[in-house]
Amino acid sequence: QVHFVESGGGLVQPGGSLTLSCVTSGFTFSANGMRWYRQPPGKGRELLARISSGGGLTNYVADVRGRFTISRENNKNTTYLQMSNLKPEDTAVYYCMKGWSVEEFDSWGQGTQVIVSS
């Protein structure tokens, strides 16, 4: 059974930084791309970034490009999302998902809450 455990969220001031982690199990992590999503309060879940299975290919939505960095450690079955220059509109619950294709889905983890506020 596929599991995702996201962590690293918290309260941060505008302009601050956070690094989120997603520990995975139940599938061959090194053979799968990974994606990060977020769900702002009262809104739908939105794709932020994705990374290929080997980590050599990444892409980002325009809103986070240049501020967020996706990475992975295949020996730890973990993907990361480094976030900098955070804005209040980055406030959301953040989730990871397996697969490079945006059509690939499995059960979601519990997510990790990020609140950007002064």
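Student: Over the ring of which residue does the charged end of Arg-45 sit?
Tutor: This is a predicted model, and every value here is computed from it. A charge is taken to sit over a ring when, for Arg, CZ is within 6 Å of the ring centre and within 35 degrees of the ring normal. The charged end of Arg-45 lies 4.0 Å from the centre of the ring in question, which belongs to Tyr-95.

Student: Which residues form one aromatic cluster with Tyr-95?
Tutor: Six aromatic pairs are found in a search of the whole structure. Tyr-95 belongs to an aromatic cluster, and the other residues in that cluster are Tyr-37, Phe-105 and Trp-108.

Student: How do the rings of Phe-27 and Phe-29 pair: stacked, edge-to-face or tilted?
Tutor: Planes under 30 degrees apart count as stacked and those over 60 as edge-to-face, with the rest called tilted. The rings of Phe-27 and Phe-29 are 6.3 Å apart from centre to centre, with 50 degrees between their planes, and the pair is therefore tilted.

Student: Which charged residue has its end over the ring of Phe-29?
Tutor: Phe-29 is itself buried, with a relative accessible area of 1%. The charged end that sits over its ring, 4.2 Å from the centre, is that of Arg-72.

Student: Is Thr-24 buried or exposed?
Tutor: Thr-24 has its place in strand E3, which covers residues 18-25. Leaving out residues up to four places away in sequence, Thr-24 touches His-3, Phe-4, Phe-29, Met-34 and Asn-77. Its relative accessible area is 5%, and because buried means under 20%, Thr-24 is buried.

Student: How far apart in sequence are the parts that the disulfide ties together?
Tutor: The count comes to one disulfide, formed by Cys-22 and Cys-96 with their sulfur atoms 1.8 Å apart. Both of these cysteines are buried. Cys-22 lies in strand E3 and Cys-96 in strand E9, so the parts that the pair ties together are separated in sequence by 74 residues.

Student: What is the bridge partner of Trp-36 in E9?
Tutor: Five of the six residues of E4 are buried, so this strand is largely enclosed by the rest of the structure. E4 and E9 run antiparallel and are joined by six bridges. Within E9, the bridge partner of Trp-36 is Cys-96.

Student: Which residue in the turn between E4 and E5 has a positive phi?
Tutor: E4 and E5 pair in the antiparallel sense over five bridges, and Arg-35 has Arg-50 in E5 as its bridge partner. The two strands form a hairpin with six residues between them, and the residue in the turn with a positive phi, of about 75 degrees, is Gly-42.

Notes: Residues are numbered from 1 along each chain as its sequence is written. This is a predicted model: local features need pLDDT of at least 70, side-chain atom pairs count only at pLDDT 80 or more; totals for chains, interfaces and linings use all residues. Side-chain values use heavy atoms; hydrogens and water are left out. Helices (H or I, at least four residues) and strands (E, at least two) are DSSP runs, numbered from the N terminus. Buried means under 20% relative accessible area, exposed over 50%, partly exposed in between (1.4 Å probe, protein chains only). Contact means heavy atoms within 4.5 Å. A disulfide is a pair of cysteine sulfur atoms within 2.5 Å. Rings of Phe, Tyr and Trp (its six-membered ring) pair if their centres lie within 6.5 Å; planes under 30 degrees apart count as stacked, over 60 as edge-to-face and the rest as tilted. Two strands pair if DSSP finds at least two bridges between them.
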